[in-house]
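Work through the exercises below with the sequence and the coordinates open. Each solution goes step by step.

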Amino acid sequence: MADERDLTGRVAVVTGANSGIGRATALALAGRGASVVLACRSEEKACAAVDEIRAATGNEDLGFLALDLADLAAVRRAAAELLATDRPLHVLVNNAGLAGQRGATADGFELAFGTNHLGHFLFTTLLLDRLRASAAPGTPARVANVSSGSHFDAKGIDFDAVRRPTRSFVGMKEYSVSKLANVCFTQELARREDPATLVVAASDPGPVDTNVWRRIPGPIYAVFRRVVGLTPVAEGAASTIFCATDPSLDTDSGAYVDQHCRVKPPSAIATPELGAELWARSEAWVAGAATA
């Protein structure tokens with residue numbers, strides 16, 4: 001179970017926090033006293049979530065940040081707006097994502113990979129200095145990346161395929177690749193950072209009934225929901241809240257945490273070599289987008 005200590009004075013940003021696991025995570029952090037920024041595409045939906053969380057917790061220190069992870073220029077604007085406040089940043093929860101959709105991002109990357117991985121990669125790396133500076137002795141900053149058990153289905157990362165629109169019928173193969181990228185990014189970031197300053201972990205929420213699946217065609221979704229057995233959102237958010245807050249991970253940065261809040265080995269495909277290559281390519285891609 002997630003640690004229940006008070007978070008008063010800590011500042012957290014949760015992407016995709018207007019619904020599902022992100023909203024449940026924002027609610028939990030706000031309920032324990034944290035200042036929470038909901039980073040979302042839709043201001044209307046995010047502000048409705050802010051009102052609901054405020055009413056449920058009595059916490060007034062909540063805000064909205066416009067963030068479209070499928071557009072790298074928009075990601076840069078969001079990070080710049082956040083950094084301009086000069087507030088600390090103690091916890092970053094990279095939760096937003098999509099599944100079962102086809103297409104390409106504004107920058108031409110496969111839709112799931114570009115949104116679920118590359119947008120979060122850029123957002124996180126732009127905020128790293130602020131995260132490091134916000135750490136205190138014995139209390140490192142945190143990055144929690146929401147992955148998925150479906151990352152075990154990915155056979156690797158085809159670095160040419162992620163530069164093209166989605167090819168599979170409902171995009172689930174590409175979704176698995178994006179979730180493998182989340183795990184590789186988590187591990188590589190942990191290798192690069194001093195755990196005394198920044199702790200990183202990847203969560204597997206399990207199969208959760210959220211609207212991340214909302215674009216899967218109706219008949220296919222009905223079968224998917226019945227076969228997979230989707231669990232309630234509150235249950236699915238537990239591993240993400242654990243990754244964002246639990247001090248037991250201070251000595252296990254880079255961990256992959258399953259839906260029962262247990263540290264487990266991720267896919268054997270998530271090697272240090274793949275993580276290093278993914279980082280190098282992602283760094284080049286986001287730099288190229290900045291000059292395009």
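**Exercise 1.** Decide whether F109 and W285 are buried or exposed, and describe their ring pair.

Solution. Step 1: F109 and W285 are both buried (under 20% relative accessible area, with exposed meaning over 50% and partly exposed in between; 1.4 Å probe, protein chains only). The model is predicted: local features need pLDDT of at least 70 and side-chain atom pairs 80 or more, while totals for chains, interfaces and linings use all residues. Residues are numbered from 1 along each chain as its sequence is written, and side-chain values use heavy atoms, without hydrogens and water.

Step 2: the rings of F109 and W285 form a tilted aromatic pair, 5.4 Å centre to centre with 55 degrees between the planes. Rings of Phe, Tyr and Trp (its six-membered ring) pair if their centres lie within 6.5 Å; planes under 30 degrees apart are stacked, over 60 edge-to-face, the rest tilted.

Step 3: F109 sits in the loop between β4 (91-94) and α4, and W285 in helix α9, so the pair ties together parts 176 residues apart in sequence. Helices (H or I, at least four residues) and strands (E, at least two) are DSSP runs, numbered from the N terminus.

**Exercise 2.** Describe the ring pair of F185 and W279 and say which helices it joins.

Solution. Step 1: this pair is also tilted, at 5.8 Å centre to centre and 35 degrees between the planes. Step 2: F185 belongs to α5 and W279 to α9, so parts 94 residues apart in sequence are tied together. Step 3: F185 is buried at 3% relative accessible area, and W279 is buried at 6%.

**Exercise 3.** Find which side of helix α3 holds its buried residues.

Solution. Step 1: α3 (residues 72-84) has 13 residues and reaches 18 Å from first to last C-alpha, close to the expected 18 Å (1.5 Å times one less than the number of residues). Step 2: the buried residues of α3 are L72, A74, V75, A78, A79 and L82. Step 3: these cover an arc of only 155 degrees around the axis, which puts them on the same side of α3; the arc is taken from the directions from the helix axis to the C-beta atoms. Step 4: R77 and A84 are exposed on the other side of α3.

**Exercise 4.** Which residues have the most contacts inside the largest nonpolar core?

Solution. This core of 47 residues has V13, F123, L127, L131 and I157 as those with the most contacts inside it. A nonpolar core is a set of buried Ala, Val, Leu, Ile, Met, Phe, Trp, Tyr and Cys residues joined through side-chain atoms within 4.5 Å.
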